[in-house]
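Dear colleague,

Please find below the structure that I am handing over to you. My notes on what was found in it follow directly after.

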Amino acid sequence: MAQTLFDKIWDKHVVDSIPDGPDVLYIDRHFIHEVTSPQAFTGIERRGIAVFRPDSVFATPDHNVPTIDQHLTIGDKLSRLQVDRLSENCKNHNIQHFHLQHENHGIVHIIGPELGITQPGQTIVCGDSHTATHGAFGCIAFGIGTSEVEMVLASQCLMQYKPKKMRITVEGDLNKGVTSKDVILYIISKLGAGGGTGYFVEYAGSTFRNMSMEARMTVCNMSIEMGARGGLIAPDDKTLEYVKGKKYSPHGEELDQKIEGWKELYTDDDAVFDLELNYEASSIPPMVTYGTNPGMGIPVDHPIPTNAGEEKSLEYMGLKQGEKLLEMPVNYVFIGSCTNARIEDFRAVANLVKGHQKASNITAYIVPGSKLVEKQIDDEGLREVLGDAGFEIRQPGCSACLAMNDDKVPQGEYCVSTSNRNFEGRQGPKSRTILASPLTAAATAINGKITDVRTFE
Amino acid sequence: MEKFTSIVSRAVPLREENVDTDQIIPARFLKATDREGFGDNLFRDWRYNDQNEPKAGFVLNNQDYSGTIFLAGKNFGSGSSREHAAWALYDYGFKVVVSSFFADIFKNNALNNGLLPVQVSDDFLASLQEKVESDPSEKIVVDLETQVIRLESTGEEESFEINPYKKKCLQNGYDDIDYLVSILDKVEEFEKK
């Protein structure tokens with residue numbers, strides 16, 4: 001029978017099926033970070049059980065960590081406690097831990113792929129909703145809660161119901177100034193913040209095929225923002241090229257064998273989805289959000305729509321229906337997060353800002369997703385370009401995406417942010433987030449006001 | 001996990017759609033390493049002002065409302081996977097959350113903590129909200145065995161879905177880990193394939 005890519009991967013991982021109940025799904029890779037894992041370790045310890053497959057678990061602290069002076073002890077006592085607890089838990093249970101000083105440290109969803117831990121056809125979980133990122137490699141990757149982290153530590157399995165399947169097909173070439181971030185913001189604006197709930201998405205079509213692996217990760221990363229459990233893209237030659245030669249990737253004969261298996265990872269022609277959506281790349285412009293969920297997105301040059309029920313959200317944002325965001329002054333720009341902190345993002349930003357200076361009202365943070373990305377920034381001479389333009393380059397971490405560390409947007413201030421969520425208070429109490437692509441963010445930093453990158457000179 | 005059978009209680013209504021888990025429990029309160037105490041910061045930024053004084057307009061600060069049933073708006077619990085959101089609601093004292101639509105991860109997290117997510121139609125949710133808002137002493141009955149939610153005064157009711165496996169877990173206070181650990185030999189066999 002014709003199968004979707006999702007079904008092929010799922011079916012290969014079913015250990016057991018409960019009659020009238022869930023499947024027991026085997027998990028290949030389990031990423032953990034400091035915020036959603038401590039209670040899970042306490043849980044298994046209370047039950048007196050060991051971590052079942054410590055070699056399949058990889059840990060890194062990212063949410064709480066400062067992005068300056070990482071060689072020093074973490075100042076915030078509670079943050080330090082969580083980071084230290086992760087360290088102790090990994091030591092006690094023999095788990096590979098990319099600690100703050102480790103050369104492989106970074107945001108969990110950045111380091112998995114760049115180290116080759118993430119490979120096509122895998123099932124991947126993490127106590128973090130942006131685990132969907134890894135779907136870019138043709139994986140079933142999704143976020144879980146802490147009780148589920150405990151389950152995976154205890155058994156390397158989860159009890160799961162198969163979600164419904166949706167295919168989103170986008171065809172054609174992207175317009176100038178339009179990035180993968182705009183594509184996913186556009187899709188989410190069409191579906192709304194809950195439009196994908198209950199579904200797992202496959203992204204298909206030439207637009208995604210033409211994207212780099214980094215760009216595909218940005219798309220899959222935000223699948224959760226329309227409520228979908230995850231999103232995946234069938235692996236192709238680009239995927240194999242990316243995976244090859246990475247630190248944890250298979251090598252030699254093992255790699256050849258794996259590649260044979262990976263060639264089966266595609267949706268059969270006659271496979272049926274519960275929902276199919278189709279878009280044209282040519283109709284996608286640079287996007288920005290104006291409200292307090294990621295579904296509230298518009299083309300950068302459009303006025304804020306007059307939708308019912310958005311009043312409270314607009315009041316929070318200090319915006320009015322019919323107003324334009326274009327040309328609106330902002331004081332903060334954040335380029336980072338698991339959505340847009342890969343080397344390709346910083347290359348694009350450096351290319352755009354080269355020879356320019358940020359506006360005097362702007363505080364602009366550049367936060368690399370990992371130590372490896374930071375090293376690439378240095379090796380490629382981007383630090384100088386970005387620094388000359390007045391951008392502050394910090395050390396890897398989740399930073400101002402979620403205000404769990406010192407990097408926060410002050411009360412009432414607008415921030416054009418390449419992160420994934422514009423929820424109330426997400427970047428700091430009463431902060432106002434406008435989600436956008438790295439290009440839009442960079443151009444905004446130069447002009448000191450929200451800018452249409454298509455007309456940036 | 002505590003067993004769940006049925007509940008008769010007053011309810012606390014919050015007519016807000018798309019309530020994300022960042023609102024239920026803001027990230028800066030996720031720094032604890034145990035599961036207790038999150039109820040104090042449930043809806044922190046909606047509940048307290050900058051001086052940490054309760055905001056009069058917010059429903060948790062309204063003395064008229066009480067009970068162990070939380071009446072939420074549509075698409076409740078979206079965004080971050082933080083189980084702390086379910087812990088905060090439970091720790092505050094809620095045993096049931098009613099909505100016409102739940103985000104996936106939140107729903108799983110709630111079920112894994114003995115907090116019953118009850119999904120009803122938009123119309124029935126609106127009706128529950130109206131009744132409770134006009135008379136906060138109105139009681140709601142939630143019965144897991146028959147999968148029915150009912151307004152005690154009028155008898156108006158609707159049935160709700162829950163999968164048989166999760167229902168059994170809640171009724172008996174079992175969790176998935178007990179089961180998973182019991183089949184580790186099967187997992188080992190699977191790994192050899």
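**Overall form of chain A**

With 457 residues, a compact globule would have a radius of gyration near 23 Å, and chain A, at 21 Å, agrees with this; the radius is taken over C-alpha atoms, and the globule rule is 2.2 Å times the number of residues to the power 0.38. Please note that this is a predicted model, in which local features need pLDDT of at least 70 and side-chain atom pairs count only at pLDDT 80 or more, while totals for chains, interfaces and linings use all residues. Residues are numbered from 1 along each chain as its sequence is written, chains are lettered from A and ligands numbered from 1 in the order in which they are written, and side-chain values use heavy atoms, with hydrogens and water left out.

The C-alpha trace of chain A spans about 55 × 55 × 45 Å along its principal axes. Chain A contains 15 helices and 19 strands (DSSP runs numbered from the N terminus: helices are H or I with at least four residues, strands are E with at least two). Of the 457 residues in chain A, 68% are buried (buried means under 20% relative accessible area, exposed over 50%, and partly exposed in between, with a 1.4 Å probe and protein chains only). Among contacts in chain A with a separation of 6 or more, 75% are between residues 24 or more positions apart; contact means heavy atoms within 4.5 Å.

Helix 8 of chain A, residues 213–221, is mostly covered, with nine of its nine residues buried. Among them are M213(A), R216(A) and C220(A).

**Two residues with positive phi**

Most residues other than glycine have a negative phi. In S337(A), however, phi is positive, near 85 degrees. S337(A) sits in the loop between strand 15 (332–335) and helix 12 (343–353) of chain A, and it is buried, with a relative accessible area of 1%.

N18(B) also has a positive phi, of about 55 degrees, and is not a glycine. Its loop joins strand 2 (11–13) and helix 1 (21–24) of chain B. N18(B) is partly exposed, with a relative accessible area of 28%.

**The interface**

The contact between the chains takes 65 residues from chain A and 51 residues from chain B. About 4600 Å² is buried between them, with carbon and sulfur atoms giving 57% (buried area is the accessible area, 1.4 Å probe, that two parts lose on being put together, summed over both). On the chain B side, K31(B), T33(B) and F190(B) lose the most area to chain A, together 16% of what that side buries.

With kind regards
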